[in-house]
Amino acid sequence: MGKPRLLPSVVKNLTLKPATIQYPYVRTEVEASFRGRHYADLQKCTGCSLCAIECPADAIVMYQIPAGFQAPKINPRRIFPRIDYGRCVFCYRCVAVCPFNAYVTTNFYELAGPRKNDSVELSLKTLKGERSVS
Amino acid sequence: MVDKVIEIPVSVEIPVGPQHPALHEPVLLKAYADGEVVVKVEVNTGYNHRGIEKLLEVNSFYKDIFIVGRVCGICNTVHTNVYVRALEQILGVEPCRRARYLRVLAMELERIHSHMLINAVMAEVIGFDTLFMNIMLDREKVMKAKELLTGGRVMADYMMVGGVRRDLSDEDAGRLARIISSVRERLEYYKKVFEEDITIGKRLVNVGVLKRRDAVSHSLLGPVARGSGVRIDARVSDKYDAYDELKPEVVVRDEGDSWARMMVRWGEALISADLSLRVLQSLPRDCNPVPDEKKLPRKLPAGEAYTRVEAPRGELTYFVMSDGGVNPYRVKIRTPSFTNIINSAFLYEGYTIADLPVILASLDPCISCMERALVTDLKTGSRKVIPFTELSRGGGKWGSRGYYLQ
């Protein structure tokens, strides 16, 4: 049994950059197609609740659009999916089963934090005429 | 006159486990030691009973695809694959060739990173931390490849009834091939390290020797059986998905010790890398591999299916029974770790306490790896908690093999 030749590895490693990165300052690169944070586009959502029924993690609850927002006519019940990112397993089953392709997908993954973390704000931003009625 | 002397050995009971966050399922190994030599090991399980089989019965067939993936994080692709194939058998659906090739690619990538992980853990257990970090660094490349293919680093959620959940573009296929080629070079290097390094040889060779007849009589599976000369591989015997066309080579070694089991894993990882490259070169273009999930039937006809798959740890089987409703009537899972860990308590006998984590790691346990051990001296009743790494490295009064004490 001989020893692996270490010297070339040592010299090579002296010239290499460190393998670790300074995470909060340097972002980890993820693919554009990585399954990250997703939310419903309320211009397309009809409030059919199929995503809430199909969610394997029970992370989606249908939520009432607050009174100050104008809901599109296709959504007469004024409800939309609220995704609890703490429960979500990012399987994208909701994205796949949505009959109106209403989900907006991103590769955003930095979701850990002390704050309450759900998709209400992001979804409501997609509505036009935000707080236009009183 | 004394004509009979009854010698009572000082036996030490060492509960190993049951909790550690590093590996998945917690298990307790209760080892009885006479001095340094382990005389008996009891395996206690049940610390991680999550009721998944019952959970599957109260959720729909399609929700269950994502729940079975959470049985085990490392083997999530094979778990979903074997479940989805069971559903396809009940439905009578056959996925097209491109989908079957992509499934094989995802499963082989998983095999590579699983084998790299357990070899890295083995390096850590024997105190070779640099090797652990090097292997884990190269494992990141495989995780990147998995992210490219499936959209998730670990949880793939890639299988769907009738195909896979996303297609692979030609550009990504080229990137994948480059990543796998670079990983293959590193795999060869690590295999050489495990063959030639003196420390690894001293800690692994002739430790936990498993005879061929014991491997068969105790129903051991996967690389553990293949390390003892048993030619068992569900990929070859069942020829599921695209394995009938790809024909993977089965790595078998006859030594039967911990070293042979690790070398089987390196050999398999290399073959998986070759297989992945072959899949990428000969990826068929016969159809769109992504089925429309909205159009899949909600109810499945009554029937039952029994499918198996070669997981990184051995043969994994699923029994799915449908009564014609929305939810499965029964899903029975048998994982390879179950037989490999529970039936292998005899393996530890006759070896030292320091060999215990080595033998356990060589079985590729899908269970909690042990960090701390509670040592109870049965004679005095005193208890002492010592770090398990100290045990495995032979430090202090638990020093046995003495390689680190020189």
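How many residues of chain B are in contact with how many residues of chain A?

**Entry 1: the model.** I noted that this is a predicted model, in which local features need pLDDT of at least 70, side-chain atom pairs count only at pLDDT 80 or more, and totals for chains, interfaces and linings use all residues. Residues are numbered from 1 along each chain as its sequence is written, while chains are lettered from A and ligands numbered from 1 in the order in which they are written.

**Entry 2: the two chains.** I found that 20 residues of chain B are in contact with 19 residues of chain A; contact requires C-beta atoms, placed from the backbone, within 7 Å. On the side of chain B that touches chain A, two or more residues come from each of helix 2 (61-68), helix 5 (129-150), helix 6 (170-196) and helix 7 (198-204). Helices here are DSSP runs (H or I, at least four residues) and strands are runs of E (at least two), numbered from the N terminus. Helix 2 of chain B gives the largest share, four residues. By class, I recorded eight nonpolar, four polar and eight charged residues on this side of chain B. Ala, Val, Leu, Ile, Met, Phe, Trp, Tyr, Cys and Pro count as nonpolar, Asp, Glu, Lys and Arg as charged, and the others, Gly among them, as polar.

**Entry 3: the annotated site.** I looked up the UniProt annotation "binding site" (unreviewed entry), which covers Glu53(B) and Ile333(B). Such annotations, given in the numbering used here with shortened feature names, may be inferred rather than shown by experiment. The two residues span 281 residues in sequence, yet their C-alpha atoms are not more than 7.5 Å apart, so they gather at one spot.

Glu53(B) lies in helix 1 (residues 52-57) of chain B, and Ile333(B) in strand 8 (residues 328-334) of chain B. Glu53(B) is partly exposed, because it has 14 other C-beta atoms within 10 Å. Ile333(B), with 19 such neighbours, is also partly exposed. The cut-offs are 20 or more other C-beta atoms within 10 Å for buried, 12 or fewer for exposed, and partly exposed in between.

Leaving out residues up to four places away in sequence, I saw that Ile333(B) touches Glu53(B), Val71(B) and Tyr318(B).

**Entry 4: helix 12.** What share of helix 12 of chain B is buried? I counted 18 of its 24 residues as buried, so this helix is mostly covered.

Notes: Two residues are in contact if their C-beta atoms, placed from the backbone, lie within 7 Å.
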